[in-house]
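Visitor: I would like to understand how the words used for a protein model follow from its values. Could you take me through some of them, step by step?

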Amino acid sequence: MNIIEFLKVPIFQRALIASILAGGTMSLLGIVIVVFNMTTIRFALMHFGLLGGAIGLALGANPLTVAIAAIALASLLFGPLSDRLKLDTGLIGAFFMTGSIAIAFLLFYKAGVPALDVFSLFTGSILTLTSNDLLFICVLALIIVLFYVIFYKEIQLIFYDSDQAEWLGVPTKKIRNALLFLTGLSIGVAMKIVGALLIDALILLSAMSAMRLAKNFKQLILLTSLFGILTTTGGLLFSMVFDFPSGATITLTGVLILLISLLTQK
């Protein structure tokens, strides 16, 4: 089958739309992770998703739905707890990461939850998206775009100097916590699209590539979005034509774009 024939199939239509929306908008949250040096947060949220999946199986609910809900809850707590305890967000992430994985293994043992069933959540595929999944991605993409448009100047100032932004009256903590929450939701969606182990391809690599080439904040946003679309859409189309796993191909596309940006950086 060629690409035209593939795109006549509803599964691939949903996958293509999701790849454009997710790549173009969720990649913008990778800037948040890089600027605030919150790489630990990714792992903490993934482990919280593991705990949510274990709870879902123990209760007889949909494990992926509970996993995404757990990730959303954790992302809501990171910022406020960091402020209240006066600890770095990365340290709070480490606390969540170790605590959630410990509780998850207790559930595996006490509730008889099959560990392999929970770890299967870490192997998502964009081709398994349902119409409801696509609707959720559309809503989340719209929220991310609107947030960046409405708070463009504030976000730019926070990224440049959060202390100065707070001194100027910008609600720094509220905006940061909102970005953290959106990042958590995006990580939950990324688990479904590429699998938890390949989340960086969807959220982080495009921002890293753009930061090598952008000269200002506007260019950073535009390049991140462009690289995100190229990563997800290019990887998806390549996997369709050559019959490769979609998640792995999307990831390799993101890695290739990052390598090119490193080689062409001035």
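Visitor: What is the handedness of the crossing of α2 and α14 in this model?

Guide: In this predicted model, helix α2 passes helix α14 in a right-handed crossing.

Visitor: Why are α2 and α14 called roughly antiparallel to each other?

Guide: Helix α2, which covers residues 10-25, packs against α14 at an angle of about 155°, and the two axes are 6 Å apart. Angles over 145 degrees count as roughly antiparallel, and α2 and α14 are therefore described as roughly antiparallel to each other.

Visitor: Which residues make up this contact, and how do they divide by class?

Guide: From α2 come Phe12, Ala15, Leu16, Ser19, Ile20, Gly23 and Gly24, and they meet residues of α14 that include Thr224, Gly228, Ile229, Leu236 and Met240. The residues of this contact of α2 with α14 divide into 8 nonpolar, 8 polar and no charged.

Visitor: What makes α14 oblique to α15?

Guide: The axes of helix α14 (residues 217-242) and helix α15 (residues 246-264) come within 8 Å and cross at roughly 135°. Angles over 145 degrees count as roughly antiparallel, those under 35 as roughly parallel and those from 65 to 115 as roughly perpendicular, while the rest count as oblique. The angle of roughly 135° belongs to that remaining group, so α14 is oblique to α15. The crossing of α14 and α15 is right-handed. Among the residues that make the contact are Phe227, Leu230 and Gly234 of α14, together with Ser246, Ile250 and Gly254 of α15. By class, this contact of α14 with α15 has 6 nonpolar, 9 polar and no charged residues.

Visitor: And why are α13 and α15 called roughly parallel to each other?

Guide: Helix α13, which covers residues 205-213, packs with α15 at an angle of about 15°, and their axes are 9 Å apart. Angles under 35 degrees count as roughly parallel, and α13 and α15 are therefore described as roughly parallel to each other. Here α13 passes α15 in a left-handed crossing. In α13, Leu205, Met208, Ser209, Arg212 and Leu213 meet residues of α15, including Val255, Leu258 and Ser261. The contact of α13 with α15 has 7 nonpolar, 5 polar and 1 charged residues.

Visitor: How do you know whether Ser261 is buried or exposed?

Guide: Ser261 lies in helix α15, and its relative accessibility is 2%. Buried means under 20% relative accessible area, so Ser261 counts as buried. If residues up to four places away in sequence are not counted, Ser261 touches Ser209, Arg212 and Leu213. For the protein as a whole, 47% of the 266 residues count as buried.

Visitor: Why is Met97 called partly exposed?

Guide: Met97 is found in helix α6, residues 89-110, and has a relative accessibility of 21%. Buried means under 20%, exposed means over 50%, and partly exposed lies in between, so Met97 counts as partly exposed. Leaving out residues up to four places away in sequence, Met97 touches Thr40, Phe43, Ala44 and His47.

Visitor: What makes Ala94 and Leu76 partly exposed?

Guide: Ala94, which is also found in helix α6, has a relative accessible area of 28% and is partly exposed because of that value. Leu76 has its place in helix α5 (residues 63-85), and with a relative accessible area of 45% Leu76 is partly exposed. The C-alpha atoms of Leu76 and Phe181 are separated by 5.4 Å, although these residues are 105 residues apart along the chain.

Visitor: What does UniProt record for residues 220-238 and 244-263, and what does the model have there?

Guide: An unreviewed UniProt entry places the feature "transmembrane region" at several spans, including residues 220-238 and 244-263. In the model, residues 220-238 are 100% helix and 0% strand, and the end C-alpha atoms lie 26 Å apart. Over residues 244-263 the chain is 90% helix and 0% strand, with the end C-alpha atoms 27 Å apart. The secondary structure of the protein comes to 15 helices and 0 strands.

Definitions and conventions: Residues numbered from 1 in each chain as written. Predicted model: local features only at pLDDT ≥ 70, side-chain atom pairs only at ≥ 80, totals over all residues. Heavy atoms only, no water. UniProt positions renumbered as here; feature names shortened; annotations may be inferred. Helix = DSSP H or I, 4+ residues; strand = E, 2+ residues; numbered from the N terminus. Axes fitted to C-alpha atoms, helices over the stretch in contact; angles between N-to-C directions. Left-handed = near helix turned anticlockwise from the far one by under 90°. Contact = heavy atoms within 4.5 Å. Nonpolar A, V, L, I, M, F, W, Y, C, P; charged D, E, K, R; others polar. Buried < 20%, exposed > 50% of the residue type's maximum accessible area, 1.4 Å probe, protein only.
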